Amino acid sequence: MKSECIRVRNLFRGFNGKNVLDGIDLDVAGGEIFGLLGPSGAGKTTLIRILTGQLKADSGEALIWGKRSDKLEEADYRRIGAVMDAAGLYDRLSCYDNLLLFTRIYGLKPDRIAEALETVGLADAAKKPAGRLSKGMRQRLVLARAVLHEPDLLFLDEPTSGLDPKTAAAIWDLISRSQQKGAAVFLTTHNMEEAYRLCGHIALLDRGKIIEYGVPEEICRKYDSNHSISVLLKSGEQVIVPNMKASAGQIRSYFEAEQIVSIHSQEPDLENVFIQLTGRRLD
Amino acid sequence: MSSRRVMAVFRKQLKDTLKNKEVLIQFLMFPVLSVIMSNAMTVPDMPANFFVHMFATMYVGMAPLTCMSAVIAEEKEKNTLRVLMMSNVRGTEYLLGLGAYVLAVCMAGSFIFGLQGGYRGLELAGFMGIMFCGILTSTVIGGVIGIGSRNQMAATSVTVPVMMIFSFLPMIAMFNRPVALVSRWIYTQQINDLISKSAAGWQSFAVIAVNALAGITAFAVIYKKRGLLF
């Protein structure tokens, strides 16, 4: 059984009389990628700020490795890495010097810098000032900084927001590699593909409340009200048949005639689940 | 408290300043002006080391104050300060690292003034000691403005008038008696009096101490109330 990394119970936080987080419950196990999905303003960043000890909750429990998040100590922070919504890079300093600062803060050997830059594909830009990097390169540098000390828990707040698909895919690869090394990842996103591809569990957050929680595939199946199967034929025709015994003959005939290009179940994606639950889109 | 993290901030700041023209010019402008003016202008009956004393006073009132507030405000605006805090750099460690850096660089600038003024040995040590008192007070006041401002624009709008009062009042006081009555209560006037030996004594150090204490109190109140990241 995997160890518990994050435990949140009945968490409340308000701003100006409005509940931004309204009774949040969730668990993240060690080595798991957990996705928190929700539109802008849903409370995702507020939750990360509470979990990283930057903000206090009004009430409820937020525990990291069994410790209250507002009581984390140096040794705990040494095990945490974070990519927040704003980069926080020193624009005048080179990529190397940006990371050098953090090797000194964490007491690491500077050898780690070349390794981290290599990992995010910025080895050739080591001497380039951070202010002259493209948005994608900056985000990769921020990720390199977050994983520099090989943390056991990574908080990633919209890590691929606004990036091109190639850079986003490179960052997904990095996140997966961190997980393979044993890190738990707490990821906020409104990118469905990102959540579906990476996350073991997700929570859908809307107006400060978790409205659905579970394994992405299971959530999609749960909200599959169509129960249909889509068959794409070689003729280009797309046939939708009910997902029931009575359709077996029709589908078999397509197989026998070798007409099938692809065949898919028709459960909704996470975006459509969110729309079903809230009547609104995620982004 | 970790000396490793204090030194990390100090060394980062040292490297960053070499690439930050706005801050670098603050450190270099007055020492360089003092050297140029002292060697380029000779006015009959002008007091000895007039330009050294005048520019050193301006330097005390301007360089540490503007640098401290500008760096803190920039770190807030660009979110680098939040990242440092997330990496378990404590507010006190950050402020100590930055403050030590500002003090060290300004003392290096003061050394140039000292050499230009022809001070040697104990006299130079005394001059540096007086400059240290003023620079320390300005560093605290710059810290107050920095932690009390949300961004660089807000910091600049406060820094400029405060810096002008502390830098220019002692100079204006030379020619204007009513201004002199006011300026004797500010630390830069006392620094000017001490280094030019126009007045010296415990009263000067008492005024500097009161100014510094007022700055430290304001700093403590704002820091306790808002923290570094408000």
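Buried means under 20% relative accessible area, exposed means over 50%, and partly exposed lies in between (1.4 Å probe, protein chains only). This is a predicted model, so local features need pLDDT of at least 70 and side-chain atom pairs count only at pLDDT 80 or more, while totals for chains, interfaces and linings use all residues. Residues are numbered from 1 along each chain as its sequence is written, chains are lettered from A and ligands numbered from 1 in the order in which they are written, and side-chain values use heavy atoms, with hydrogens and water left out.

**Stop 1: the interface**

Show chain A and chain B together. Contact means heavy atoms within 4.5 Å. The contact draws 26 residues from chain A and 22 residues from chain B. Buried area is the accessible area (1.4 Å probe) that two parts lose on being put together, summed over both. For chain B and chain A that comes to about 2,300 Å², with 55% of it on carbon and sulfur atoms.

Next, look for polar contacts. A polar contact is a pair of N or O atoms within 3.5 Å; within protein, one must be able to donate a hydrogen and the other to accept it, and residues adjacent in sequence count only if both atoms are side-chain atoms. Between chain B and chain A, eight residue pairs are in polar contact, both residues being at pLDDT 80 or more.

Now color chain B by helix. Helices (H or I, at least four residues) and strands (E, at least two) are DSSP runs, numbered from the N terminus. On the side of chain B that touches chain A, helix 1 (3–18), helix 3 (50–77) and helix 4 (80–86) of chain B each supply at least two residues. Helix 1 of chain B gives the largest share, eight residues. By class, this side of chain B has 11 charged, six nonpolar and five polar residues. Here Asp, Glu, Lys and Arg count as charged; Ala, Val, Leu, Ile, Met, Phe, Trp, Tyr, Cys and Pro as nonpolar; and the others, Gly among them, as polar.

**Stop 2: salt bridges between the chains**

A salt bridge is a side-chain nitrogen of Lys or Arg within 4 Å of a carboxyl oxygen of Asp or Glu. Over all chains the count is 22 salt bridges. Four salt bridges cross the interface of chain B and chain A.

Select Lys15(B) and Asp97(A). Their side chains meet in a salt bridge, 3.1 Å from N to O.

Move to Asp16(B) and Arg92(A). Their closest N and O atoms are 2.8 Å apart in a salt bridge. The pair runs from helix 1 of chain B to the loop between strand 6 and helix 3 of chain A. Asp16(B) is buried, at 4% relative accessible area. Arg92(A) has 23% relative accessibility, so Arg92(A) counts as partly exposed.

**Stop 3**

Asp91(A) lies in the loop between strand 6 (80–83) and helix 3 (95–106) of chain A and Arg138(A) in helix 5 of chain A, so the pair ties together parts 47 residues apart in sequence. Asp91(A) is partly exposed at 25%, and Arg138(A) is partly exposed at 21%.

Asp91(A), Arg92(A), Arg138(A), Asp16(B), Glu74(B) and Lys78(B) are linked in a network of salt bridges.

**Stop 4**

Select Gln139(A), in helix 5 (residues 135–147) of chain A. Gln139(A) is buried, with a relative accessible area of 14%. Leaving aside neighbors within four places in sequence, Gln139(A) is in contact with residues including Val83(A), Glu158(A) and Ile171(A).

**Stop 5: inside chain B**

Select Arg5(B) and Glu93(B). Their side chains form a salt bridge, 2.7 Å from N to O. Arg5(B) sits in helix 1 of chain B and Glu93(B) in helix 5 (residues 91–116) of chain B, 88 residues apart. Both Arg5(B) and Glu93(B) are buried.

**Stop 6: aromatic rings in chain A**

Rings of Phe, Tyr and Trp (its six-membered ring) pair if their centres lie within 6.5 Å; planes under 30 degrees apart count as stacked, over 60 as edge-to-face and the rest as tilted. The count is 12 aromatic pairs over all chains.

Select Phe34(A) and Tyr213(A). The pair is tilted, with 6.0 Å centre to centre and 40 degrees between the planes. Phe34(A) is in strand 3 (residues 33–37) and Tyr213(A) in strand 10 (residues 209–214) of chain A, 179 residues apart. Phe34(A) is buried at 0% relative accessibility, whereas Tyr213(A) is partly exposed at 34%.

Ring pairs link Phe34(A), Phe155(A), Phe186(A) and Tyr213(A) into a cluster.
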